[in-house]
Amino acid sequence: MQLSDGIVREADWLAKVGPLRGRAQWKVGSSMREFARLVLAEPFEGDVQANILDQIAPGLRVAHATASEVTQFDGYRGGKRQHDLALWADSGTERVAVSFEAKVTEEFGAVIRLKLKDAVRDNSDICMRLQLITNELWPRRSLNFIYDVRYQFFTGLYGTIRYAEDLGINKCVFCIYQIDVPGKVKVDRYKRDINALLRLFGRDEEDMSQGLFKYICKTRGGVDVYLSYLQRPMLPEAEAK
């Protein structure tokens, strides 16, 4: 996939948007490295086309894609979301925004119930942020409605919505991109997290053996929101760019 910021090789990704500690964190099997290699490989764009864009509307084509795109989703401290990859596609009559969260074994952070306890202790703005998001997705619901969802998953979804709104786009997809690294498979963990979110929207649980693409809601601002889960093997070392 061609990216907007001139990233065409793994070394470009590392130099321009790589981890703060550079190569010390850019290791074989790390989610950032393995995702970068997959994105830059030829099959990735076709995979996104078939399993995300074509599921929404015919004729959508990627118009712009950026690695490590940052979205500001509120005015509180820490109110930013960094997407591993964000893109938007255009058919001439319709546009859709997509963000990707790549995972190997990393958690989506603590469940919201525990995160709120930490927020009270640390005098953070998390409680106000979560209430803002909850009001957008479920008007008149209290925070205990979302207690069992993982914080980073929840804010990742909302960050995708804000990315779409910033672009004036009324459809968006939050994609959980599971990378299978030998000896580091934690698939069931992510499926449980996804199903916890689906239940909040009144959707049936899914086994996700063939992946997932599902409409989940329309926001108060009029954005149609979809959830995607793709599970792909890491790219063999010999195929790196």
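## Contacts of L197 and the core around it

In this predicted model, L197 touches V149, F153, F154, L157 and L227, leaving aside residues up to four places away in sequence; contact means heavy atoms within 4.5 Å. L197 is also listed, with L130, L137, F154, I194 and L227, as having the most contacts inside the largest nonpolar core, which has 42 residues. Such a core is a set of buried Ala, Val, Leu, Ile, Met, Phe, Trp, Tyr and Cys residues joined through side-chain atoms within 4.5 Å, where buried means under 20% relative accessible area with a 1.4 Å probe, protein chains only.

Among the elements giving two or more residues to this core are α5 (126-137), α6 (151-166), α7 (187-200) and β8 (224-233). The largest share, 8 residues, comes from α6. Helices (H or I, at least four residues) and strands (E, at least two) are DSSP runs, numbered from the N terminus. Another core, of 39 residues, lies apart and includes W13, F44, L53 and A89.

## Largest pocket

The largest pocket has a volume of about 380 Å³. Of its 15 lining residues, R81, Q82, D84, E101 and Q152 lie nearest the centre. The lining divides into 4 nonpolar, 5 polar and 6 charged residues.

## Basis of the values

Residues are numbered from 1 along each chain as its sequence is written, and side-chain values use heavy atoms, without hydrogens and water. For this predicted model, local features need pLDDT of at least 70 and side-chain atom pairs count only at pLDDT 80 or more, while totals for chains, interfaces and linings use all residues.

Key:
Buried < 20%, exposed > 50% of the residue type's maximum accessible area, 1.4 Å probe, protein only. 1 Å grid on protein atoms, 1.4 Å probe; cavity = no way out; pocket = protein on both sides within 12 Å on 5 of 7 lines; lining within 4 Å. Points joined across faces, edges and corners; volume = space filled by probe spheres on them. Nonpolar A, V, L, I, M, F, W, Y, C, P; charged D, E, K, R; others polar.
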